[in-house]
Amino acid sequence: MINWLANPARFTRISARALPWCGWTAAVVLCVGLFWSLVLAPPDYQQGDTVRIMFIHVPAAWMALNIYLFVAVASAVALVWRHPLAEIAARAAAPMGAAFTFVCLATGSLWGRPMWGTWWVWDARLTSVLILFFLYLGYIALVNAFDDPSRGGKAGSILALVGVVNLPIIKFSVDWWNTLHQPASVMRIGGPRIDISMLVPLLIMTAGFSLFFLALLMLRMRTVLNERKAGTLRLNAGVAPAPRPARERAMPAHPGRS
Amino acid sequence: MGDIAAFLAMGGYADFVWPAYGVALVVLTGLAADSWRRYRQSTVVLDRLQQRRRPRR
């Protein structure tokens, strides 16, 4: 499936049809999810209406982690097999991961103030998610720091792979260290420990965020493909050297130094 | 009317619940709008370049 989609021309054709579908479904699902989160779901018996922040906070946190995993896997594929679309996918996904991480941190802070009595604590969970945010920013800065996109992509891929070590730290930080943050209540051994009336909107919002991610991923990948194509055309129109085949262009310019 | 006021009050936690939803809305729609703007721009640039090339071929 991945192999089959890794052809840019085929991706352009399929995404042109899938994009509007995905986008509009995301909008509908998010509207349903918002109504459910804000109106239908009951207030918590201990936390009152602040529990509604969870329906944004927890899906955003899941997205932050999963998008990082996506960026890392795409980076590995780009490094090992040099699939032309893998590096573009990682590049297109990273800003979305950063956005979801920011939403997770901001909503967590707004939830922490009334429930914990503080906006922020430097404990393991919060600090490791803040590091995730900086990893995203570092990746974005690095891939854009090179004139040659293939070199930037390579440097970013390595950073993304090194940063994977942070993911299990985030996931298990609530078990390994003492923290104000509660331990997992949905993704836990023995099934979710959360009432169905709150689990349903949580899952709807997660589905909505995922569809939103997919739609924007396709849109942003198409943008990068357009920009690369325009760059090649511009290069050919000027006094640039004769066009080299794409395969050769993917190789480092100075094999001895790379 | 009382229902709406009670809804907006969020059980006394309006100051925290609404900003949380607001932040998410602003960040995600901002990202979507920026991505869409960049996409439109890239298609315009590409079309222009392709049109310029065609007569020469």
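Let me start with chain A, where residues 24 or more positions apart account for 76% of the contacts that have a separation of 6 or more. What we have here is a predicted model, so please hear everything that follows as computed from that model.

Staying with chain A, the secondary structure comprises nine helices and zero strands, and reading along the sequence gives the pattern α-α-α-α-α-α-α-α-α. Of the 258 residues in this chain, 36% count as buried.

I would like to turn now to one pair of helices, namely helix 3 of chain A, which covers residues 54-81, and helix 8 of chain A, which covers residues 196-237. On the side of helix 3 of chain A, the residues making the contact include A:Met54, A:Phe55, A:Trp62, A:Met63 and A:Ile67, while helix 8 of chain A contributes, among them, A:Pro201, A:Leu202, A:Met205, A:Thr206 and A:Phe213. Divided by class, the residues of this helix-helix contact are 14 nonpolar, one polar and no charged.

Finally, the contact between the chains. How many residues does it take from each chain? The contact takes 25 residues from chain B and 32 residues from chain A. On the side of chain B that touches chain A, the classes are 18 nonpolar, five polar and two charged residues.

Definitions and conventions:
Residues are numbered from 1 along each chain as its sequence is written. Chains are lettered from A and ligands numbered from 1 in the order in which they are written. This is a predicted model: local features need pLDDT of at least 70, side-chain atom pairs count only at pLDDT 80 or more; totals for chains, interfaces and linings use all residues. Two residues are in contact if their C-beta atoms, placed from the backbone, lie within 7 Å. Ala, Val, Leu, Ile, Met, Phe, Trp, Tyr, Cys and Pro count as nonpolar, Asp, Glu, Lys and Arg as charged, and the others, Gly among them, as polar. Axes are lines fitted to C-alpha atoms, for helices over the stretch in contact, and angles run from 0 to 180 degrees between N-to-C directions. Helices (H or I, at least four residues) and strands (E, at least two) are DSSP runs, numbered from the N terminus. A residue is buried if 20 or more other C-beta atoms lie within 10 Å of its own, exposed if 12 or fewer, and partly exposed in between; C-beta atoms are placed from the backbone.
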